[in-house]
Amino acid sequence: MRAARGAGGGGLPGGRGPLMPGPVSRRGRLRRLALAVGLALLTAAPAGGQGRQGVSLPAPGGPHTLGTTLLHLVDSTRADLVDGARRREVMVQLWYPAARGGGERAPYMAGALVDTLRREGYYEVDSTTFAAWRRLRTHAREDAPPAAGPSFPVLLLSHGFGVSRSSYTALAEELASHGYAVAAVDHPYGGITLLPDGRVLSVAADTGDVRSEATLGSRVRQWAADASFVLDRLRAMDAAPAGRFAGRLDLARAGMLGHSLGGAAAVEACRTDPRFRACADLDGALYGPAGELGPGGPTLVVRSRPLYSDAELAARGRTRAGWDSLGAEIAGRFRVLFAKRPEVPAYHLQLAGTGHMSFSDAPFTFPVAVNRFGGRIIAPERGHRVLSAYLRAFFARHLGGGIGADGGDGGLLDAPSPRYPEVVFVK
């Protein structure tokens, strides 16, 4: 998976992230216009992936200690995308509040996964960064027993196209530390899925034309189906008479969030499966039916907002007026989409100082993926804290439970807050 095919899929200006180039349809003009800006900035930025800055994960801010476990799930009702003789296999990493105690902290990435990413040419990452990922430990203990008390609301987390689920560990840990069970799904052939028997289901093996809107729409539908399947299995785990998670998962309060193409999958899952009561899209263009029909349930869209001076834009062949006009056009696209379902609560925000990969672990583990585009960049800890506050406020409001900002949703979704001046309300 070379960088050209692993650019995160689904970025927009303000998310102005690069996406694979492809044919332009009338319906897709706006998305391809966004692509043109992202690629222009990319080609003007320093090449290569030398990410030698310090590698660490932020400490979760919630009151709970954490556990994590891996699930290998096989959907007997669907065929493998590439090998029709096999069934669809999905890897899931579950983070959750854990009972206090000892135990080994889980690795950020298994050594075998790091080796696979190296072979795939993942984002042109250098050997020093790969070695740091191999050494890095998370804040969660492997296979720790869940904490006692009320059962946990459940959030599914979907990665960007070409990105490993491990690249969202900081966000998963933060949400779990505030009382959620967070299930990060590795979509087969959507990123890098390493199976227990050593097989790798890589985005490079995807047989479809992932530059086309039709293929991306198909992948969004497949990923939404993965989410529903995983929710089925989590429900079975909760309903089992025995087992570590028996009675510990509150599937009546389930939501989904995703980054880039995973954000589109989250919105689609809310549209097709009413068990998902709320969804959050982090910097993702809405491919597939959700991009035409509108959201099916309460929806939060958080877009990136790169901050460039006039001189920086001019160096990239852009003008301030053109840049602002493009951002307004993208915002208008979302307004039209939300207007199709005016009865559905929808929130549209931008986080100043972010790029497309700011919604992953990249600011902490691979900073060059964000700062190579230049501009003023929000401090990693600050960006992480602001994003977490709004996600928790959103899910607290629409899943219930009083576990969001300020013990509830804190009113953060109603108007700009002086505590978070970086957040711009588009809607």
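This is a predicted model: local features need pLDDT of at least 70, side-chain atom pairs count only at pLDDT 80 or more; totals for chains, interfaces and linings use all residues.

Student: How are H2 and H3 oriented to each other?
Tutor: Start with the angle. Helix H2, residues 111-120, packs against helix H3, residues 127-135, at about 160°, with the axes 9 Å apart. Angles over 145 degrees count as roughly antiparallel. H2 and H3 are therefore roughly antiparallel.

Student: Which residues of H3 does H2 meet?
Tutor: H2 passes H3 in a right-handed crossing. From H2 come Gly 111, Val 114, Asp 115, Leu 117 and Arg 118. In H3 they meet Ser 127, Phe 130, Trp 133 and Arg 134.

Student: How many residues of the contact of H2 with H3 are charged?
Tutor: Asp 115 and Arg 118 of H2 take part, and so does Arg 134 of H3. By class, the contact divides into four nonpolar, two polar and, as charged residues, three.

Student: How does H5 lie relative to H6?
Tutor: Helix H5 covers residues 213-239 and helix H6 covers 261-272. Their axes are 8 Å apart, at an angle of about 60°. Roughly parallel needs an angle under 35 degrees, and roughly perpendicular runs from 65 to 115. The angle therefore makes H5, relative to H6, oblique.

Student: Which hand does the crossing of H5 and H6 have, left or right?
Tutor: The contact draws on Leu 216, Arg 219 and Trp 223 of H5, among others, and on H6 residues including Leu 261, Gly 262 and Glu 268. The crossing is right-handed.

Student: What about H4 and H12: at roughly what angle do they cross?
Tutor: Helix H4 is residues 169-177, and helix H12 is residues 380-399. Ala 170, Leu 171, Glu 174 and Leu 175 in H4 meet His 384, Ser 388, Leu 391 and Arg 392 in H12. The contact has four nonpolar, two polar and two charged residues. The axes come within 11 Å and cross at roughly 50°.

Student: Now the spaces. Which element gives the most residues to the lining of the second largest pocket?
Tutor: This pocket has a volume of about 370 Å³. Of its 21 lining residues, the closest to the centre are Leu 70, Met 91, Gln 93, Ala 110 and Arg 165. Strands S1 (66-79), S2 (87-97), S3 (105-107) and S7 (192-194) each give two or more residues. The most, three residues, come from S1.

Student: How many cavities of 30 Å³ or more does the structure hold?
Tutor: Rolling a probe the size of a water molecule over the atoms shows where empty space is left. Count the cavities at that cut-off, and the structure holds four.

Student: Which residues lie closest to the centre of the second largest cavity?
Tutor: About 90 Å³ of space lies in this cavity. Its lining has 13 residues. By class, nine are nonpolar, three polar and one charged. Closest to the centre are Tyr 122, Ser 167, Met 357, Ala 362 and Phe 366.

Notes
Residues are numbered from 1 along each chain as its sequence is written. Side-chain values use heavy atoms; hydrogens and water are left out. Axes are lines fitted to C-alpha atoms, for helices over the stretch in contact, and angles run from 0 to 180 degrees between N-to-C directions. Helices (H or I, at least four residues) and strands (E, at least two) are DSSP runs, numbered from the N terminus. A crossing is left-handed if the near helix is turned anticlockwise from the far one by less than a right angle, and right-handed if clockwise. Contact means heavy atoms within 4.5 Å. Ala, Val, Leu, Ile, Met, Phe, Trp, Tyr, Cys and Pro count as nonpolar, Asp, Glu, Lys and Arg as charged, and the others, Gly among them, as polar. On a 1 Å grid over the protein atoms alone, a cavity is a set of points where a 1.4 Å probe fits but cannot get out, and a pocket is an open set with protein on both sides within 12 Å along at least five of seven lines; lining residues have an atom within 4 Å of a point. Grid points are joined across faces, edges and corners, and a volume is the space filled by probe spheres set on the points.
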